Amino acid sequence: MANRNGWGRSRSVPTGSPRTPPETFVEQANLADSDVYQTFDDDWPDCWHRAADLLSWDRPYETVLEDADPPFYRWFTGGRLNAAYNCVDRHLEEGRKTHAAIRWEGKHGECETYTYRDLYVAVNEFAAALRQLGVEEDDVVTIYLPMIPELPIAMLACARIGAPHSVVFAGLSADALATRMDAADSEYLLTCDGYYRRGDAFNQKSKAGNARLELEHDVETVVVDRLGEELPHVLGDREWDYHELREEFSGATVEPVSRDAEDMLFLMYTSGTTGEPKGVVHTTGGYLAHVAWTSRAVLDVKAEDTYWCSADIGWITGHSYIVYGPLALGTTTVMYEGTPDYPDRDRLWEIVDRNAVDVFYTAPTAIRAFMKWGEEYPERHDLSSLRLLGTVGEPISPRPWSWYREHVGDGECPVVDTWWQTETGAILISTLPGVDEMKPGAAGPGLPGIDVQVVDEHGEEVDPGQTGYLTVGRPWPGMARTLYGGDDQFRSEYWERFSEPDDGEWRYFSGDAAAIDDEDYVTVLGRVDDVINVSGSRLSTMAIESAITDVEGVAEAAVVGRSSGTTATEIYAYVSTEGGFDPESGDVREAIVDNAESTIGPIAAPDTVVFTPELPKTRSGKIMRRLLEAIANGDDLGDTSALRNPEIVGEIQATIGDG
Ligand code: WTA
């Protein structure tokens, strides 16, 4: 097992002193029953009916968990439901038509509110339009949109007609879009003319057009006019205008399609241990039940709340905790198009203040930036509406954790550090804010019903304080069911390493390293595979390496993540050039950055490119990534005796020192 971002380095396990949740919070918490862990354990897997009970079913399920064919588990079997009905219609029926469902904050200060009634109308009209375009149940619809209201509307319209959506992050490249559409055989695409990035109008439709050229099949494309006059809105063959379609179907209603609990709700492509993206399959019943349950139990979301998760809907966090979880609970979910520092560094706090946000959920990378900018920005605003704060996406060390609680949460709000993944669908590790004490630096124990274990390479649980592999010993409702078209890969990526099928023991491997303390609190240390987390995006180092080695003159490349305590993870690329290519002459460096941007997206552009005559290799010819990572991070290099070319280490360090 490669030993990448983390625990090969001697990293101490940082846990601060425990903090108890304030009584005022506990009194009003959705879940304040400290027996809940025991109750779930005693009654597992039937305990999960509590999650399913949060939903409205067309037909009740017969079995909570079917585990005849592990690791292909099935949840709430026999049950039927529709996700859009659960997230929209039923709230209307409960007399909450005029309650705000989505509050959208645009980049340039525009605001739009969609009540549940407005959302119902929009979702129905677009669902009718999709049908007219030929979308049938189980057809995969690709959505390539930035953070505009049409994105969740389209997701729910797909859910309404039983067509799985595959949302591709708007910042990914044309190549990345084409790869995903091809892999999913997706013949329908929703995109927009363009959107604002760092103040400039940016053409999205031309990227989508380039992707279509790469595909062998025809694609019906719907285009949202986001930029108005700023970009000419010209439609070509098989292209349709979103707003015209909505008008054509004005007032139309579409009966929600009753889906089997195990029917696919959506596909989400993510990075794995190979350069190829993996299509993670999530189904309707278990996923929706699990995100609703965790929104309620961990994020303490209530229908009357204004809740804001600042992630992008193009990734799993936005799917689960901007769209499906909060809307299933009938709350008001805030959606923000812009960046935290435009027009000024107090932008997020201005939005919290103006909308009286109750619960705020963001990423450590953002919190570290806030901390660097200084407390004067949150201090400009009244943040007293906040009741609970959350983080997700990376480990958060005690200092930013405490800063967040102090300067955003007024020293009062509980902070939940939530661990989960695209594949887990919903939060698996966190404190329950109405029950548990918090330990800054540790995410918390496995949630009720979640059997988290940190194990050594033989699968034996490690002692408290020791590091090991983060695994989950029992299935859970929101889990990925498989990889699209890749049952074997699903088994081998996540289950093979720590399961004993002959003994009927199945254990999910997350790809993360972690430590666990004597109260079962887990401190997540980072990935142990070829994945790095950069500003909330999950990237495969192999995919970046292959974009770099495609550049003329490049011989070999190795990419690692560099993370210091206070900055976001940076992409560090070590590159050797072919004989005769002088890396400093010509534009190799620029070509490397350009190619990473065009094959994956701007988020994949290396922050640092270090040229070296050779990469450090073991005698068996393997690039020693652990070493390259230690060099990038300024860590102790550890044992280098296995190197075939030890002299190269000094050369690389000298190059970096010069730079
Ligand atoms: C990391 C995002 C530490 C982890 C929801 C995981 C975290 C990967 C935490 C999944 C956390 C997520 N503490 N690390 N609270 N939450 N991670 O699929 O490495 O984009 O494997 O899902 O993010 O990233 P993904």
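A polar contact here is a pair of N or O atoms within 3.5 Å; within protein, one atom must be able to donate a hydrogen and the other to accept it, and residues adjacent in sequence count only if both atoms are side-chain atoms. This is a predicted model, in which local features need pLDDT of at least 70 and side-chain atom pairs count only at pLDDT 80 or more, while totals for chains, interfaces and linings use all residues. Residues are numbered from 1 along each chain as its sequence is written, and side-chain values use heavy atoms, with hydrogens and water left out.

Let us start at the ligand. A polar side-chain atom of R538 sits 2.6 Å from one of the ligand's oxygen atoms. For Q421, a polar side-chain atom is 2.9 Å from an oxygen atom of the ligand. D417 faces a nitrogen atom instead: a polar atom of the D417 side chain lies 2.7 Å from a nitrogen of the ligand. How much of the ligand does the protein bury? Taken alone, the ligand exposes 530 Å², and the protein buries 96% of that; such accessible areas come from the Shrake-Rupley method with a 1.4 Å probe, and for residues only the protein chains shown count as cover.

Which elements give two or more residues to the shell around the ligand? They are α11 (316–328), β20 (415–418) and β25 (522–527). Helices (H or I, at least four residues) and strands (E, at least two) are DSSP runs, numbered from the N terminus. There are 17 residues around the ligand, and D417, T418, T422, R527 and R538 come nearest; a residue counts as near if one of its heavy atoms lies within 4 Å of the molecule or strand in question. Sorted by class, the shell holds six nonpolar, six polar and five charged residues. In this scheme Ala, Val, Leu, Ile, Met, Phe, Trp, Tyr, Cys and Pro are nonpolar, Asp, Glu, Lys and Arg are charged, and the others, Gly among them, are polar.

Now turn to strand β18, residues 359–362. Buried means under 20% relative accessible area, exposed means over 50%, and partly exposed is in between (1.4 Å probe, protein chains only). β18 also has strand partners, where pairing requires that DSSP finds at least two bridges between two strands. Strand β16 (residues 306–309) runs parallel to β18 and is joined to it by three bridges, with Y307 bridging to V359. Strand β19 (residues 388–392) is also parallel to β18, over four bridges, and there G390 stands opposite Y361.

A few backbone details deserve a look. Most residues other than glycine have a negative phi, and most peptide bonds are trans.

R238 lies in the loop between β11 (220–224) and β12 (239–241) and is partly exposed at 32% relative accessibility. D410 occupies the loop between α15 and β20 and counts as exposed because its relative accessibility is 64%.

Helix α15 (residues 398–408) contains R399, which is exposed with a relative accessible area of 55%. In helix α16 (residues 487–495) you will find E493, which counts as buried because its relative accessibility is 17%. The side chain of E493 makes a polar contact of 2.9 Å with that of K278.

Finally, zoom out to the whole chain. The protein is divided into domain 1 (16–182 + 247–450), domain 2 (468–524) and domain 3 (530–658), with bounds that come from an automatic or database domain assignment. Between the C-alpha centres of domain 2 and domain 3 the distance is 29 Å.
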